[in-house]
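My notebook is open, and today I want to look up how two chains meet. Here is the structure I am working from.

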There are 2 protein chains.
Amino acid sequence: MIDVLVLDVNETMSDLEPMRDRFVAAGLPAHSLDVWFASTLRDGFALTAAGTYADFRTVAGDVLATQLADAGVEPTEDTISGVLSGMTQLSLHPDVEPGLRRLRDAGLRIITLTNGSAAMSERMFTDGGIMPLLEHRLDVAEPQRWKPHPDAYRYAAAVCDVPVERMGLAAVHPWDIDGARRAGLQGFYLDRRATPYPTAFLPPDLVVPDFAALAEQIAR
Amino acid sequence: MIDVLVLDVNETMSDLEPMRDRFVAAGLPAHSLDVWFASTLRDGFALTAAGTYADFRTVAGDVLATQLADAGVEPTEDTISGVLSGMTQLSLHPDVEPGLRRLRDAGLRIITLTNGSAAMSERMFTDGGIMPLLEHRLDVAEPQRWKPHPDAYRYAAAVCDVPVERMGLAAVHPWDIDGARRAGLQGFYLDRRATPYPTAFLPPDLVVPDFAALAEQIAR
């Protein structure tokens with residue numbers, strides 16, 4: 001079916017929920033995590049749409065500074081780093097390791113491609129026991145375009161030296177499925193919470209609840 | 001200084017706060033308005049970055065459907081329309097009408113350019129007494145690219161038949177200032193809440209607290 005499985009990282013592999021306590025500790029309401037993540041992607045995509053680039057840490061820190069100031073908290077570099085360092089301490093969803101092991105055993109090449117930084121997830125991949133399963137851990141610093149710009153997916157295909165058509169992207173984010181499909185990849189939607197898929201985006205080639213079900217479907 | 005002032009609409013001219021009650025009435029927490037607006041822009045920008053287009057109503061309705069389903073509320077078309085129709089019932093911030101009147105009196109041509117639909121704000125502009133001050137009310141349906149893609153701003157310049165350098169964009173959103181500046185326009189940042197300006201975006205040519213101060217600065 002495909003030769004290379006491309007994995008989105010934030011939320012697709014990692015559980016962001018532990019970040020919520022850090023937002024609260026910094027003086028923000030618990031729900032500010034959700035606004036922060038949506039706004040960080042919004043601003044990263046805006047820069048990409050405008051034809052330029054900034055890294056995840058910069059954009060995410062800018063958004064957090066705005067949220068802190070709006071809440072009447074001084075947005076010091078210490079406070080911002082204290083919250084954002086949580087991104088390096090996350091854990092994998094429990095279905096990731098067994099699912100990926102089965103996919104690797106079936107002969108699939110597996111890589112990660114994140115709008116964050118590849119370094120940010122090193123500890124999570126090591127602690128979660130999947131580091132040896134990953135052929136490459138890529139981020140968008142090289143193409144200087146955030147997903148879902150086609151250059152980000154084409155860059156991954158070039159690194160793996162396969163045609164985009166021989167790649168499939170697995171993600172919980174419909175915007176990522178849509179972008180991957182428009183760039184020529186297959187799109188596998190991980191629908192952990194039975195969320196309606198947005199009508200404006202190209203539909204996925206496959207909808208599965210988790211990585212166990214994805215392995216069931218494509219590892220043969 | 002400039003010939004044409006381009007106005008962003010949502011939040012820059014309109015106060016979105018009355019929308020909050022509609023989210024609550026639909027069974028969502030009050031803060032879901034903020035996630036909805038950030039996520040709607042995120043998804044519209046994602047489609048733009050991927051090289052395609054959907055209109056604001058479709059993208060905004062998709063995001064709302066996701067939020068409703070996550071909250072255990074059936075995302076019916078009636079519920080979605082009930083919330084989103086609030087966008088046609090908003091009011092102008094109090095500084096808009098006097099500020100624009102002064103700018104128009106000083107000889108500036110004034111237009112609006114929104115990622116929403118131009119029709120959505122008709123009632124607000126009429127009720128707020130500024131309809132006669134607006135030479136054009138544009139949206140991104142024609143260029144099929146959401147701001148901050150350069151095509152959106154270039155389209156406005158083409159309609160007005162002026163070089164982009166003779167235009168200035170006024171907005172409360174740094175991503176809009178950044179995109180306008182990269183497309184060659186001047187960028188005027190309306191900083192109503194004294195928010196730190198993100199470091200990843202090109203800085204504005206002018207920072208003012210509201211339209212009264214903008215008129216003070218550029219209407220001479």
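I began with polar contacts, and across the interface of chain B and chain A the rule finds 4 residue pairs, both residues at pLDDT 80 or more. A polar contact is a pair of N or O atoms within 3.5 Å; within protein, one must be able to donate a hydrogen and the other to accept it, and residues adjacent in sequence count only if both atoms are side-chain atoms.

I noted that this is a predicted model, where local features need pLDDT of at least 70, side-chain atom pairs count only at pLDDT 80 or more, and totals for chains, interfaces and linings use all residues. Residues are numbered from 1 along each chain as its sequence is written, chains are lettered from A in the order in which they are written, and side-chain values use heavy atoms, leaving out hydrogens and water.

Next I looked up salt bridges (a side-chain nitrogen of Lys or Arg within 4 Å of a carboxyl oxygen of Asp or Glu). The rule finds 2 of them across this interface. For Asp70(B) and Arg193(A), which form a salt bridge, I wrote down 3.6 Å between the closest N and O atoms.

Then I asked how many residues each chain gives to the contact (heavy atoms within 4.5 Å). I found 37 residues from chain B and 37 residues from chain A.

My last entry is Trp36(A). Leaving aside neighbours within four places in sequence, I found Trp36(A) in contact with residues including Met19(A), Phe23(A), Phe56(A) and Leu84(A). I also listed Ala60(A), Val63(A) and Met87(A) among the contacts of Trp36(A).
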